[in-house]
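Dear colleague,

I am handing over the structure we spoke about, and below it you will find my notes on what came out of it. Please read them with the sequence and the coordinates open beside you.

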Amino acid sequence: MKAWRLIRALSLSFSVAPKTPTSRSFCSSSRTSSPKIFSVKKITRKNFNSALSDLRRQVREADFLSVDLEMTGVTTAPWRESFVFDRLDILYLKIKDSVENFAAVQFGVCPFRWDASKDSFIAYPYTFYIFPRKELQFDAPVYEFLCQTASMEFLAKYQFDFNACIREGISYLSRAQEATALSRLNSSNQDKESSNEGWRLKEGGDAELVSIADILFTERMKERISQWRNSLLTNTKGVQSEENSNDSNSKFLTVFFKMRPSIRLDGFTSHQHKLIQQVIRKHFKDLAYVRTVDDNSLKQKLLVYTDSDEDRRLLTKEVKTDLCKGAELKLNAAVGFRHVVDLLSSEGKLVVGHNCFLDIAHIYNKFIGPLPSTVEEFATLVNKVFPFIIDTKYLLKADNVIKNLMKRNSTSLSSAFLYLCPQFASLPSSPLLPMQSSVKVEVQVDDMSSSDWNSGTKHEAGYDAIMTGCVFAQVCSHLGVDFKSCSPSEGLIHNEKLQKYLNYVYISGQDGAIIDLKSGKQFPEPFDLYDRLRQRNTVVFQNIVLLWGFHSNFKPKDMKECLTKVFGLGSVTSVYYLDETAAFVQFSKEELVSDFLALKETLEKANDVISVVHPLAKLLEGGKTRAAPYEVYKEICSSSTSRILFAEQAETVNGQRKIWKVEFEHKSGSEESCDEMQSTSRHHLPFELIDACTAGSQ
Amino acid sequence: MRARLLQKRRLCTLNHQQQQQQQQQQQQKPCRRRPVTQVTKPNFAQSLQTLKAQIASADYIAVSTCKTGSFASPWRRVLPFLDTADTAYFKSKHAAERFQVLQFAVCPFTVSESKVAAHPYNFHLFPRDELNVGIPPSYSFSCQTSYLTNMAREGFDFNSCIYDGISYLSRVQETFAKNRLGKPLGGIYPMKSSSTHSVADSLFLERIKSRVRNWMNACKDKKESEGPEDGLVRSLRKLILGVELHGSRPCMIIDVCNERQVQLVLEMLSKFSSDLVPLVIPGKGGEPQAVRVVLASSEEDKNLLERELQDVEDEEIRKIRGFREVIDAISSSQKPIVAFDCLHEFTFIHSKFVAPLPHCRNDFMCSLRMVFPHILDVNHLLKEIGPLKKAGNVPAAFAHLKRRFFIPIDMEIPHQAPDDESDSHGHRVLLTVNLFAKLSSILKTTHADLADFPDKNAESLERYMNIFTPSSIGLQEQPEEENVWMNETARVSTEDLVFIWGFKHGMPAEQLKSCLCGTHDVFSEYFDVRLADKSCAILVFWKPGLAKILLDAMDSGSVGCDSLRELVSEGLKASGYEAYKRVCSLGLWETDLADSLDRSLTEQLQECNMDADCGKKAMEVYWSSDSINLDEL
């Protein structure tokens with residue numbers, strides 16, 4: 001058991017003198033307004049195992065855990081950011097695309113334990129550097145991830161240590177990856193068995209010795225091996241002495257492998273190995289060519305003498321089980337950082353994150369398995385792994401007490417932390433937050449002299465995790481949650497006052513997009529007056545038309561002007577540009593969508609004077625303007641490719657859609673039900689894209 | 001022994017002083033690699049200057065890049081037994097668009113006899129949005145973890161690369177960025193001779209003229225009074241008169257609505273006073289928003305100001321182009337460029353520094369030739385001296401050549417990098433130089449006609465120019481297999497290839513072959529099986545027509561061939577080369593080739609996306625000697 005020393009207290013009202021000189025820097029800095037106020041332990045693969053055992057204990061004893069992730073990127077294209085016009089299913093598709101492409105490079109975990117004797121929380125912040133290194137040979141061929149240039153710069157701005165991450169990051173396998181690796185391992189073992197037998201059959205068909213050099217080498221090896229073997233047979237007492245008299249053959253040192261005399265075949269090329277194998281097969285029935293891995297996980301090739309066929313079979317079996325065991329050990333080691341996630345999941349503790357949907361999705365994708373296609377499925381699956389999640393962003397906005405407290409302050413993590421927990425930032429506490437209500441949090445540092453500890457910075461995962469935890473603890477205290485009465489066994493998860501916040505998570509930066517992880521349904525945001533005023537128009541997805549490919553000089557105001565000229569003044573509720581090449585237009589009525597699409601088509605087909613002077617002509621200028629109902633947007637988002645401009649993306653997907661449509665027609669063929677379907681469920685049928693290019697050429 | 005001999009030889013050619021130096025160095029650092037100047041943001045401007053001079057005096061320029069990845073799964077590599085020139089291009093294009101170049105080594109060198117003088121530089125790059133105009137060189141890029149791990153093992157400093165790497169914009173991006181930034185200098189604006197003025201124009205001009213006159217008078221008044229002016233007075237003056245300062249000189253803003261008004265203002269100003277320097281300020285969309293008029297105190301002052309503005313612009317351009325200045329310097333020198341695996345290297349270079357890669361290979365070759373007219377592929381030179389099985393990368397090729405030939409090359413690197421710097425990065429470019437020097441000397445001795453040009457190396461190598469030979473093996477070598485394929489150069493028409501998939505994942509080729517034998521008459525003839533990856537294999541029929549028979553048989557449900565039918569019901573699928581071509585040209589890149597081919601089959605696309613010449617005519621896969629020849633265009 002490691003002696004945990006209390007190095008510093010982090011609330012103004014509580015401070016402990018340093019017990020050892022090693023902690024000096026921390027004490028001296030505690031009164032400054034430096035934002036670096038918590039020490040965070042940095043974990044790489046060097047100190048991972050010891051950290052894991054500490055963490056096991058700390059998680060078990062914890063009241064709650066906070067987590068935070070840093071990734072190599074967020075969006076694969078500008079239009080993949082979340083917009084007001086994104087429906088829940090589309091937001092999920094965007095998150096899914098992000099998670100599947102980018103890597104998580106830092107994982108912050110911070111268990112919080114209430115210490116009644118000190119009337120304070122004890123926190124253990126960790127920053128794990130993780131890197132999806134390929135540890136297994138029999139695994140999927142290539143690991144690849146995307147880096148968003150802007151995100152890399154952002155990480156660099158906060159002194160992210162890329163070298164530590166890439167050189168020393170802890171690798172991991174998801175549960176799904178482990179399962180496939182295991183099945184591959186088993187099947188490859190079976191293959192080896194069967195191929196070994198196959199070998200025996202084609203023994204006659206050895207590659208012919210083409211060059212003189214090969215023939216000479218083969219003869220020499222045959223001679224040497226038989227010499228060695230004869231020496232074994234004739235001089236059973238003293239192998240050693242025999243070796244001494246024959247020291248010119250430096251390559252042939254007798255070693256013992258599984259209690260049998262053997263020679264190590266070092267320093268041969270793979271071609272020579274092949275020749276040696278051939279020699280053994282042809283001339284030495286009592287020698288076995290063995291491939292194995294030694295204690296230092298170096299590959300070894302040996303020739304082993306076996307007494308009998310029985311002994312030989314035994315040897316083969318032993319070698320095989322060894323190899324299997326070795327591979328399983330490797331597999332277990334390759335699981336790596338996932339042990340931490342398994343630990344977090346298995347303890348069933350309350351997990352706290354700030355605006356954490358993306359984090360959760362990353363955790364699921366990297367450590368559990370591939371993301372399902374719908375948000376509902378995802379919610380159910382996550383609920384099984386982490387049954388109790390609290391999003392502090394939701395917490396800050398959901399409760400009126402807190403909301404009044406926060407007033408109109410930003411709910412970003414760092415500003416919420418500074419505002420709610422001024423005691424840590426050594427700022428004068430706000431008059432609204434009476435001192436007695438401030439929660440104390442201490443960080444326990446085990447060995448200050450170790451370079452593993454560093455004063456954390458904003459946007460370092462472990463530091464963000466402890467900030468999240470502090471915000472959570474502070475909000476709990478304002479909500480009247482009594483930490484003293486919460487025993488670790490019961491935990492905060494059964495606390496009445498927290499029940500209505502459990503498992504409600506902001507799905508993205510967008511206001512109003514909250515998901516209930518228990519059901520996978522969207523949950524309306526608890527608005528107050530401010531928000532209601534801010535909320536301009538509600539989005540009605542059926543009333544939306546998606547437009548792209550128009551002229552780059554065509555601005556939103558032109559768009560609105562041009563459309564209102566045709567459909568009347570109040571017809572366009574809003575115009576929203578995804579990027580410079582695409583826009584959403586929300587009409588006031590659903591019919592206007594189909595009216596617009598129909599009009600566009602006729603105008604493009606007409607190609608006469610009227611179509612040229614028509615108010616829409618400007619929008620259609622260039623002949624590349626396309627329009628589609630909202631459902632098409634979902635299809636475009638679900639594509640795995642990501643072009644930078646939305647118009648390019650839409651065209652790429654459009655190409656694939658054509659194929660799909662052909663297929664669809666082909667499948668439905670003569671079936672009459674096709675028309676029926678069209679009339680009943682318009683929304684689920686593929687929409688024909690109005691292709692201005694082809695229309696124009698007709 | 002040989003090493004010592006070589007060393008001796010080298011020492012003889014050096015003068016005494018150098019000898020001593022070298023000996024000292026060798027004593028100090030016995031295993032030190034050759035020094036390569038490492039370039040990051042802080043020393044970029046300085047290195048660029050020296051490099052430009054060295055490029056000008058060099059015979060050749062060797063380049064070599066270090067990327068974040070190359071081919072995401074085994075079959076997506078360029079495989080000589082599988083790819084035509086077109087599919088090889090598509091594969092390289094896909095990689096070039098996906099991955100990022102983090103290190104770019106450039107080495108101008110001269111060759112005379114066996115002496116090579118080289119000036120190696122290694123530039124560290126990072127595609128940062130340096131100008132903050134929302135045009136990063138790349139929005140995102142992909143990384144293969146194995147590549148990053150390898151770089152880490154070599155001691156590559158990722159922090160310095162991401163913090164201090166040099167950014168760049170491609171030529172196409174530069175035009176885009178310039179449009180967005182607008183034109184900073186008035187002088188750039190073409191002055192049109194005066195056309196007739198409308199009434200509105202005259203009104204506008206008169207108004208501006210009086211404003212400028214008032215302003216100039218006010219400035220002169222101020223100069224005359226010359227009293228010390230406090231901040232309040234200055235800001236009041238600014239409010240009332242619209243007097244602002246451009247640096248230390250007074251200036252004034254004239255708002256304009258369009259290009260026409262800009263013209264009018266410039267014209268008026270040039271007539272008005274010789275001390276005025278106009279600057280057009282662009283709006284967000286690049287259209288002119290206002291004209292800033294700066295008042296110079298004298299003619300000399302005006303010249304000074306104009307020079308300052310020019311410097312600012314140059315600085316801006318340097319900021320925009322960044323590392324691409326190196327590419328431009330190489331390009332404008334018109335010197336022959338030497339590289340290993342040129343198809344791969346130059347698809348990267350083209351897509352990062354020139355323009356997005358065109359869809360068709362011919363367009364790429366044309367476009368590339370405009371920028372780099374002379375490219376020498378070391379792979380191709382290697383092939384010229386005989387088939388090399390294992391020359392997949394530079395070190396392997398180097399080792400191989402060293403075993404076969406004794407060609408002492410005396411490498412001299414006059415410029416010494418500072419000692420404290422890590423110099424292990426970018427040494428691959430020096431190996432390339434060495435390899436090239438060796439190869440050209442071999443080629444010269446074996447081909448008598450080349451020996452006639454002892455001095456003009458470039459001319460003597462003209463026949464090897466611009467032919468790309470993709471190298472087959474990437475970083476990781478494939479596990480050893482019985483290699484019937486490479487023994488001789490054979491050509492197989494793509495019509496005689498059949499892709500099969502749907503067999504057990506990872507089944508060895510031999511086993512697959514024995515499975516197939518006897519299931520159909522075509523298999524009684526001699527055929528080969530080669531795995532493209534673990535999920536898919538290629539059958540090669542050496543007798544024409546058999547491939548089609550097999551495909552037809554499988555399409556028709558293999559009537560009358562129970563054993564083949566059995567395989568098909570087990571899931572075996574087959575297609576001709578068309579499906580594979582479609583996979584490459586449409587970019588249906590899945591991890592397993594089998595999945596890609598399945599997608600290709602289900603997505604029967606119209607020809608619209610297919611290039612005309614990627615059409616139906618059968619092409620030849622050059623068995624182990626696939627080359628792309630620029631001169632065939």
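**Confidence and findings**

In chain A, the pLDDT stays under 50 over residues 194-205, and for this stretch the model has two contacts beyond four places in sequence. Residues 532-536 of chain A also have a pLDDT below 50, and they too have two contacts in the model beyond near neighbours in sequence. Please keep in mind throughout that this is a predicted model. Taken as a whole, chain A averages a pLDDT of 76, with 74% of the residues scoring at least 70.

On the domains, chain A is divided into domain 1, which is made up of 5-172 and 336-529, domain 2, which covers 200-322, and domain 3, which covers 541-697. Where domain 1 and domain 3 of chain A touch, the contact takes 14 residues from domain 1 and 16 residues from domain 3. On the domain 1 side of that contact, the residues divide into eight nonpolar, one polar and five charged.

Chain A also has an open sheet of three strands, in the order β16-β17-β18, and the pairing in this sheet is antiparallel. Its edge strands are β16 (504-506) and β18 (521-523) of chain A, each of which pairs on one side only. Averaged over the sheet and with direction ignored, neighbouring strands are turned by 40° against each other. Looking at one of these pairings in detail, β16 of chain A and strand β17 (residues 514-516) are joined in the antiparallel sense over three bridges. Within that part of the sheet, A:Y506 has A:I514 in β17 of chain A as its bridge partner. As background, strands of a sheet pair through backbone hydrogen bonds, either parallel or antiparallel.

If we take the contacts in chain B with a separation of 6 or more, 78% of them are accounted for by residues 24 or more positions apart.

Is B:K402 buried, exposed or partly exposed? B:K402 counts as partly exposed, because it has 14 C-beta neighbours inside 10 Å, whereas a buried residue would need 20 or more and an exposed one 12 or fewer. The C-alpha atom of B:K402 is separated by 9.3 Å from that of B:L435, and these two residues are 33 residues apart along the chain.

How values were computed: Residues numbered from 1 in each chain as written. Chains lettered and ligands numbered in written order. Predicted model: local features only at pLDDT ≥ 70, side-chain atom pairs only at ≥ 80, totals over all residues. Domains from an automatic or database assignment. Contact = placed C-beta atoms within 7 Å. Nonpolar A, V, L, I, M, F, W, Y, C, P; charged D, E, K, R; others polar. pLDDT = per-residue confidence, 0-100. Pairing = 2+ DSSP bridges. Helix = DSSP H or I, 4+ residues; strand = E, 2+ residues; numbered from the N terminus. Axes fitted to C-alpha atoms, helices over the stretch in contact; angles between N-to-C directions.
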